[in-house]
Amino acid sequence: LHIIFIFIFVKMSNFEPMRVLVTGGTGLVGKAIEHVVNLEPRSNETWFFAGSKDGDLRVKEQCKALFDLHKPTHVIHLAALVGGLFKNLKYKVEMYRENILMNDNVMECAKEHNVKLVSCLSTCVFPDKTTYPIDETMVHNGPPHDSNCGYAYSKRMIDVMNRCYAEEYGCNFTSIIPTNIFGPHDNFEIAGGHVIPGLIHKTYLAKRDNTDLTIWGTGKPLRQFIFSHDLARLTVWVMREYHSHEPIILSVDEEAEVSIADVAYHVAKAMNFTGNIIFDTSKSDGQYKKTASNKKLKELYPDFKFTPIEEGIKQSCDWFVENYESARK
């Protein structure tokens, strides 16, 4: 009888009403989460996707008002000031200060509302000088790469405070560490954006204007890329099933790591670009590699299937072409 009761309790707990607030809900990952939860809706879950127009999370009163309005039981915190290599190099102070303000306000409101909080980190939090593959135990083993130190330290502090809130207040706060994300609804800005959306926009313009496609850097750095819909499924799984304050890396396998040059060729193929591809070696490459281990994820979720990078890039290119006028760029 005792075993049966425990089983029934666990099954019933899976259907307790959940009110999920997603900050940064109109961005790349927020839109992907909205897509996947709409594909397989659960009757006990109500989702709210908040964007910057719904409140400035840097301001405590506006953050509190957002929590008071939606009364969440769970929060997925995606809102952040983000950018690619060159934006991180130029605005280190802003990357640190604005993210610290957002994270601090969201955490304190989450504590006051007694919610489960899942925050999003980045592989840039890991030390520059390290051994590979990197894993969840190595976040604080040395300084991050200088190119994005402001952003990286602001994200590291989420992990520090997750532990502090758990120890002092018993809060159920955790964090995910995705590798490089790409997909529909990305920011396709060329100068300050991330590598794949920037390459997609560049390739679109080169094809339209019949010019060469110029890639910044040598193309040699290696990265693991995760399609936004895959990350969305995994993030929702973390919210529902993962209950540790220790961070978890959400990444494709180490063997799926590709060079920036390979990515450029995938984008060119997906966009049917047949012109010249030139690598501007006068531009910085940034960190050469950030290979991450997904061993912990595979042990907890062994059956998860990732979207092949060629397929994800094709979907992203098609979305950008179809939504060129309205896409962020």
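A residue counts as buried under 20% relative accessible area, exposed over 50%, and partly exposed in between. That scale places several residues of this predicted model. Asp 253, at 26% relative accessibility, is therefore partly exposed. The model has 16 salt bridges.

**Salt bridges across the chain**
- Asp 253 pairs with Lys 298 in a salt bridge, with 3.6 Å between the closest N and O atoms.
- Lys 298 sits in helix H10 (residues 295-300) and Asp 253 in the loop between strands E10 (248-250) and E11 (258-259), so the pair ties together parts 45 residues apart in sequence.
- Lys 298 is partly exposed, at 43% relative accessibility.
- Salt bridges with shared partners also join Asp 56, Arg 58 and Glu 98 into one network.
- Glu 45 and Arg 240 form a salt bridge of 2.8 Å, N to O.
- This pair links distant parts of the chain: Glu 45 is in strand E2 (residues 45-50), Arg 240 is in helix H8 (residues 228-241), and they are 195 residues apart.
- Glu 45 is buried, at 9% relative accessibility.

**A salt bridge within one helix**
- Glu 34 and Lys 31 form a salt bridge of 3.7 Å, N to O.
- Both lie in helix H2 (residues 28-39), three residues apart, which means about one helical turn separates them.
- Glu 34 is partly exposed at 26%, and Lys 31 is partly exposed at 28%.

**Helix packing**
- Helices H3 (residues 60-70) and H5 (residues 92-112) pack at about 40°, with axes 9 Å apart.
- H3 is therefore oblique to H5.
- Their crossing is right-handed.

**Surface patch**
- Tyr 96, Tyr 153 and Met 157 make a nonpolar surface patch of about 250 Å².
- Tyr 153 belongs to helix H6 (residues 149-169).
- Tyr 153 is partly exposed, at 33% relative accessibility.

Technical notes
Residues numbered from 1 in each chain as written. Predicted model: local features only at pLDDT ≥ 70, side-chain atom pairs only at ≥ 80, totals over all residues. Heavy atoms only, no water. Patch = residues over 30% accessible without salt bridge, like charges linked within 9 Å, V, L, I, M, F, W, Y side chains within 5 Å. Areas by Shrake-Rupley, 256 points an atom, 1.4 Å probe, with all protein chains shown as cover. Salt bridge = Lys/Arg side-chain N within 4 Å of Asp/Glu carboxyl O. Helix = DSSP H or I, 4+ residues; strand = E, 2+ residues; numbered from the N terminus. Buried < 20%, exposed > 50% of the residue type's maximum accessible area, 1.4 Å probe, protein only. Axes fitted to C-alpha atoms, helices over the stretch in contact; angles between N-to-C directions. Parallel < 35°, antiparallel > 145°, perpendicular 65-115°, else oblique. Left-handed = near helix turned anticlockwise from the far one by under 90°.
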